[in-house]
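Q: Please take a close look at one part of this model. I would like one connected account of how that part is put together and what surrounds it.

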Amino acid sequence: MRSEPDLHLMVPDHFDDSDADSQVHPVARKMFFGSRMADPFAEAAEWITAHDVRVLDTAWENAPADEEFSCVLSVYFVFEDDEED
């Protein structure tokens, strides 16, 4: 898995997730914008196809109509890690 030095998870100094049931599982979010409803879905499908991620959830938002990109799709995902399989 490629390391991204600008991406990190902030946790308090005293945080302890050593118990297997309470370990931290980082989730990322990527937002896709469009002026038509189909645009964010097409862009998200292309992005997901190009990356090794597992989609966990999505959310849809209609921004105010006067916004240039009033359709917003949020995709929540985790990076797949072949070593865990």
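A: What follows is a close look at the sheet and its surroundings.

The model is predicted: local features need pLDDT of at least 70 and side-chain atom pairs count only at pLDDT 80 or more, while totals for chains, interfaces and linings use all residues. Residues are numbered from 1 along each chain as its sequence is written, and side-chain values use heavy atoms, with hydrogens and water left out.

The protein chain contains one helix and three strands, in the order β-α-β-β from the N terminus on. Here helices (H or I, at least four residues) and strands (E, at least two) are DSSP runs, numbered from the N terminus. The three strands make an open sheet in the order 1-3-2, with antiparallel pairing. Strand 1 (28–34) and strand 2 are the edge strands, each pairing on one side only. Averaged over the sheet and with direction ignored, neighbouring strands are turned by 20 degrees against each other; axes are lines fitted to C-alpha atoms, for helices over the stretch in contact, and angles run from 0 to 180 degrees between N-to-C directions. Strands of a sheet pair through backbone hydrogen bonds, either parallel or antiparallel. Two strands are taken to pair if DSSP finds at least two bridges between them.

Strand 3 is joined to strand 2 by nine bridges, and the two run antiparallel. Two bridge partners in strand 3 illustrate this pairing: Phe77 is the partner of Val55, and Val75 is the partner of Thr58. Strand 1 and strand 3 are also antiparallel, over seven bridges, and there Cys71 of strand 3 is the bridge partner of Gly34. Strand 3 is mostly covered, with seven of its nine residues buried. Buried means under 20% relative accessible area, exposed over 50%, and partly exposed in between (1.4 Å probe, protein chains only). For the protein chain as a whole, buried residues make up 18% of its 85 residues.

Helix 1 (residues 38–50) lies across strand 1, strand 2 and strand 3, and runs at about 135 degrees to strand 1. Glu43 is one of the residues in helix 1. Its relative accessibility is 39%, so Glu43 counts as partly exposed. Apart from neighbours within four places in sequence, Glu43 is in contact (heavy atoms within 4.5 Å) with Phe32 and Phe33.

Not counting residues up to four places away in sequence, Gly34 touches Asp39, Pro40, Phe69, Ser70 and Cys71. The C-alpha atoms of Gly34 and Leu73, 39 residues apart along the chain, are separated by 8.7 Å. Ser70, one of those contacts of Gly34, sits in the loop between strand 2 (53–62) and strand 3 (71–79). Ser70 counts as buried because its relative accessibility is 15%. With neighbours within four places left aside, the contacts of Ser70 are Gly34, Ser35, Glu61, Asn62, Ala63, Pro64 and Ala65.

Asp39, another contact of Gly34, forms a salt bridge with Arg36, and their closest N and O atoms are 2.8 Å apart. The rule asks for a side-chain nitrogen of Lys or Arg within 4 Å of a carboxyl oxygen of Asp or Glu, and it gives a count of one salt bridge. Asp39 is partly exposed because its relative accessible area is 21%, whereas Arg36 is exposed because its value is 53%.

Phe33 lies in strand 1 and counts as partly exposed because its relative accessibility is 39%. The accessible surface of the protein chain comes to about 7000 Å², and 51% of this belongs to carbon and sulfur atoms; areas come from the Shrake-Rupley method with a 1.4 Å probe, and for residues only the protein chains shown count as cover. Among contacts in the protein chain between residues at least 6 apart in sequence, 53% join residues at least 24 apart.
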